[in-house]
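User: I have a structure open here and have not looked at it before. Can you walk me through some of it?

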Amino acid sequence: MSVRRLRPAAVALTAFVLLGSLAGCGGSGANEPGATWQVTDANGVQVAVPATPKGVLALGENDIDAALALGVPVVGTLKGRGQDGPPSYLAEQAKGVPTVGELTKPDADAITKLIVDGKADLVLVSGLSDEKVVDGLRGKGAPVVVTATAKEQDWKVSFNRIAEAVGKQDKAREILGAYDAKVAQIKGSLGQNTGDTVSIVRWNAKGPGPVEKDRFASLVVAGLGLDRPEAQQQVTGQGGSTTLSIEQLAKIDADWVFVGSLSGPDRQAFEQAKTLPQYQALTAVKQNHVVEVDGSKWTSRGGPIAANGVLDDVRKALAT
C-alpha cells in the first residue's frame, strides 16, 4: 500500500479546517465564556449545554450520584426516596448540597432562584414520568437534559449521557473501566458462592417488596453472575417492587437475601417480622445469609457510587 505525502500547505489547511470545526461545535471555542455544545437527551431532544457548567441542578437519584462521581459542582438536588435530604449513602459526598423539592415534585421557586441568582446553569433530570414537570423545568432559564426516562434502568447508559452533558467523557471512561475491573475481580472471588441466587428486598412499613430483576441493584448483581430465585424471574414493570403479605414471605427466599429499608417505620416493621415463624423458616435465615443494607443504595436508582457500594456489600458477604 502506498502512502501519499501531503505538502506543507495541505497539512496547514487540514489543521485549519479541523480547528475551525472544533471551534464551531457550539458556536465558540470550548474554553470561551458562554461556549456551548449540543447533546441529545434520553427523549431524543437536542439541547445546547454549557461547555463548562458552573453549577448543576441534579434532579434525580442517578443524576446526583453521577455528578458527584464526575466531580462537577452540584448546587441543588432533590430529596432521596424516603429521605429528608439526599440519598443517605451520599451523606458525605453531598454534604452541603441543598434540596429543592421531593423526588417527584421539584420546587419550582427554589429552582428558579438558583438559576436567576446565577448559581445553576444546567439542569439534569431523570425518571420523571410526568412530562408537564419536565416542561415546567425547561421554562426556568437553564438548559434541561433528561438523562433517563422512567422506564430506563441501565445506570451506565444514563451515566454516559450525564458525562457528555457536563463535558466529562474521559473521566466517565476512567470510572467505568475501574468498575468493570472490580466486577471481574469480585466475580472471580466468589468461590463456592459462584452462581448463587440473590434476592433483593425493599422492606417497607407494610411488608417486603422484592426488587424486580430489571432494576438498578439487580443489574449490578446480575453482572456478577448471580441470578434471582425462581419466584422473582417475572418482570411486571410496575413500580419495581410489589409488597408481599407475610403469608407470601417464601417468595423472598434465596441463597442470599439483601434487605434494605428507607425510613424508621420501615426498619421497625422489618425488626418485628424477624420474630415471625414464616421469617424464621426461610433458608437464607437458617444459613445466616440475610444481609441488611442501605435501602437508599440498593432499592433506588443510582450511579457509579451506588453501584460500587453494592459491589462492596456483595464482596463482603459472598467473597471467599
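This is a predicted model: local features need pLDDT of at least 70, side-chain atom pairs count only at pLDDT 80 or more; totals for chains, interfaces and linings use all residues.

User: Which residues make the contact?

Analyst: From α6 they are Ile175, Tyr179, Lys182, Val183, Gln185 and Ile186. On the α12 side, Pro304, Ala307, Asn308, Leu311, Asp312 and Arg315 take part.

User: How do those divide into nonpolar, polar and charged?

Analyst: The contact of α6 with α12 has 7 nonpolar residues, 2 polar and 3 charged.

User: Let me back up. How many helices and strands are in the protein chain?

Analyst: The chain has 12 helices and 12 strands. It is 320 residues in length, and 47% of them count as buried. Of the contacts with a separation of 6 or more, 65% are between residues 24 or more positions apart.

User: Changing topic: how many aromatic pairs does the structure hold?

Analyst: There are 6 aromatic pairs. One of them is Trp203 with Tyr279, an edge-to-face pair at 6.5 Å centre to centre with 75° between the planes.

User: Where in the chain are Trp203 and Tyr279?

Analyst: Trp203 is in strand β9 (residues 198-204) and Tyr279 is in helix α9 (residues 277-280). They are 76 residues apart, so the pair links distant parts of the chain.

User: Is Trp203 buried or exposed? What about Tyr279, buried or exposed?

Analyst: Trp203 is buried, with a relative accessible area of 1%. Tyr279 is buried too, at 7%. Tyr279 also pairs with Phe270, edge-to-face at 6.0 Å centre to centre and 80° between the planes. Both Phe270 and Tyr279 are buried.

User: Which residues do ring pairs link into a cluster?

Analyst: Trp155, Phe159 and Tyr179 are linked that way. Tyr179 is also one of the α6 residues in the contact with α12.

User: Next, Asn288. What is its phi near?

Analyst: Phi of Asn288 is near 60°, a positive value in a residue other than glycine. Most residues other than glycine have a negative phi.

User: Where does Asn288 sit, and is it buried or exposed?

Analyst: Asn288 is in the loop between α10 (283-286) and β12 (290-294). With a relative accessible area of 66%, it is exposed.

User: And Gln153, which is also in a loop? Buried or exposed?

Analyst: Gln153 lies between β8 (144-148) and α5 (155-165). Its relative accessibility is 12%, so it counts as buried. Leaving out residues up to four places away in sequence, Gln153 touches Asp214, Arg215, Phe216, Leu219 and Arg301.

User: Last one, Ala48. Where is it found, and what does it touch?

Analyst: Ala48 is found in strand β2 (residues 46-50). It is partly exposed, with a relative accessible area of 35%. With residues up to four places away in sequence not counted, Ala48 touches Thr36, Trp37, Gln38 and Pro143. Ala48 and Pro143 are 95 residues apart along the chain, and 6.8 Å separates their C-alpha atoms.

How values were computed
Residues are numbered from 1 along each chain as its sequence is written. Side-chain values use heavy atoms; hydrogens and water are left out. Contact means heavy atoms within 4.5 Å. Helices (H or I, at least four residues) and strands (E, at least two) are DSSP runs, numbered from the N terminus. Ala, Val, Leu, Ile, Met, Phe, Trp, Tyr, Cys and Pro count as nonpolar, Asp, Glu, Lys and Arg as charged, and the others, Gly among them, as polar. Rings of Phe, Tyr and Trp (its six-membered ring) pair if their centres lie within 6.5 Å; planes under 30 degrees apart count as stacked, over 60 as edge-to-face and the rest as tilted. Buried means under 20% relative accessible area, exposed over 50%, partly exposed in between (1.4 Å probe, protein chains only).
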